[in-house]
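Hello,

Here is the structure I promised to pass on.

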Amino acid sequence: MALLRMITAGESHGPGLTCVLEGLPAGLELDREAINRDMARRQLGHGRGGRMKIEQDTAEPTAGVRHGRTLGSPVALSVVNRDYANWEERMNPWPVAAALEEVHLPRPGHADLAGLKKYGFSDVRDVLERASARETAARVAGGALCKAFLRALGVEVVSHVRQIGAVTAPDYPEPLALEAFAEVDSSPVRCLDAGASRAMVEHIDAQRKANESLGGVFEVRAYGLVTGLGSHVSWEERLDGRLAGALCSIQAVKGVNLGEGFELAGKPGSQAHDEIFHSEQRGFYRETNHAGGLEGGMTNGETLIAGAAMKPLPTLTKPLRSVDIATLEPAQALRERTDSCTVPAAGVVGEAMVAFVLADAYRRKFGGDHIEDVRGALAAYRARIR
Ligand code: EPS
């Protein structure tokens with residue numbers, strides 16, 4: 001059984017980030033610009049802070065790729081932290097001569113306090129550097145390769161922002177076509193509705209002035225999926241669980257909605273499910289997609305829809321109450337340079353995580369050492385289930 005594995009390494013202000021992706025087939029053509037476009041998309045969005053003016057992320061392969069094609073061996077991707085130049089003493093992998101001040105002010109809502117206790121550190125920085133969402137740059141690098149693999153199989157993964165803080169975009173007429181996403185990155189908050197985009201930008205500006213941070217909801221969609229990825233036969237193979245786990249692993253994500261998700265809980269059964277139709281021309285088809293393309297832990301051939309709710313970022317410019325871990329006296333939490341809203345960027349990270357889970361599902365189901373093996377197995381399966 002083929003399995004795709006993605007491992008990331010790296011601290012926010014260390015020398016750089018690495019992503020290792022193991023299990024892609026050989027012969028997959030990669031587009032350097034498409035990979036780096038995703039790296040740049042993750043840096044965008046109204047509400048980003050000063051750090052993004054320093055970084056200009058690119059993902060450079062250092063293993064597993066030759067002349068633009070995968071070799072079937074593990075692919076390693078390297079992302080440089082430009083900001084390391086300003087942190088060379090504080091984040092040097094090796095001992096430094098300078099006496100450095102430790103961070104003793106854990107932020108409520110961050111990994112700081114639990115991480116400090118668990119790993120036996122005295123310096124909060126030993127936790128926060130890895131807990132930082134900077135790590136998602138490495139995921140997006142790996143996700144871009146997963147997307148290249150999916151694209152070779154006719155699948156496109158996109159995302160948009162549905163809500164920022166108290167501002168929610170209107171419901172769109174469904175089904176939303178893939179083409180609707182063509183210009184989503186030209187909105188400063190990656191929202192499909194121009195009016196809601198403006199309101200979201202104003203909301204972020206007002207809340208930032210009030211020293212607040214904002215969360216929100218993004219949604220990922222995958223078009224062109226074959227029926228039968230994942231399986232009902234065991235809990236571990238249910239795609240719903242894999243997708244929810246992958247999305248919930250993104251920093252600050254606290255909830256995942258598959259299809260109409262939480263809304264379905266309040267609907268009677270007759271309005272919650274997607275009735276089945278058949279015609280000579282279309283084969284089996286649905287006229288609704290409440291399920292978001294997932295039934296019984298499997299894809300059902302409809303568009304996959306997965307939403308995720310992000311809590312407001314826990315680094316606040318007007319800090320919350322905390323305790324100094326050295327003196328145990330009441331104190332204000334660490335105040336660091338921060339973003340005020342990263343929901344637009346989180347959508348791009350969501351694409352990467354969904355692409356990873358789907359690419360893994362295709363690898364499990366269709367195997368193959370070369371991309372043409374995968375295409376051949378997929379075509380044979382499509383012919384069988386027609
Ligand atoms: C982050 C704090 C900020 C963000 C960072 C995540 O970084 P800094 O502490 O350097 O200002 O910019 O996100 C990124 C660097 C990134 O690439 O997304 C945090 O505390 O999680």
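Ala85 is exposed, with a relative accessible area of 56%; here exposed means over 50%, buried under 20%, and partly exposed in between, using a 1.4 Å probe and the protein chains only. You will find Ala85 in the loop between β6 (75–80) and α3 (112–119). Helices (H or I, at least four residues) and strands (E, at least two) are DSSP runs, numbered from the N terminus. From Ala85 to Arg125 there are 40 residues along the chain, and their C-alpha atoms are separated by 17 Å.

Before going further, please keep in mind that this is a predicted model, in which local features need pLDDT of at least 70 and side-chain atom pairs count only at pLDDT 80 or more, while totals for chains, interfaces and linings use all residues. Residues are numbered from 1 along each chain as its sequence is written, and side-chain values use heavy atoms, with hydrogens and water left out.

Next, Gly16, which belongs to strand β2 (residues 16–22). Gly16 counts as partly exposed, at 21% relative accessibility. Setting aside residues up to four places away in sequence, Gly16 touches Ala9, Gly10, Glu11, Val79, Val80 and Asn81, where contact means heavy atoms within 4.5 Å. Gly16 is also 109 residues from Arg125 in sequence, with 16 Å between the two C-alpha atoms.

Arg51 is buried, with a relative accessible area of 10%, and lies in helix α2 (residues 51–54). Beyond its neighbours within four places in sequence, Arg51 is in contact with Ser12, His13, Asn81, Asp83, Arg134 and Arg337.

That brings us to the ligand. There are 13 residues around the ligand, and His13, Arg42, Arg51, Arg134 and Arg337 come nearest; a residue is near if one of its heavy atoms lies within 4 Å. An N or O atom in the side chain of Arg337 is 2.6 Å from an oxygen atom of the ligand. For Arg134, a polar side-chain atom lies 2.9 Å from a ligand oxygen, and for Ser132 the distance from a side-chain N or O atom to a ligand oxygen is 3.4 Å. On its own the ligand has 470 Å² of accessible area, and the protein covers 92% of that (areas by the Shrake-Rupley method with a 1.4 Å probe).

Happy to talk any of this through.

Best wishes

Methods:
Polar contact = N/O pair within 3.5 Å; in protein donor to acceptor, adjacent residues only side chain to side chain.
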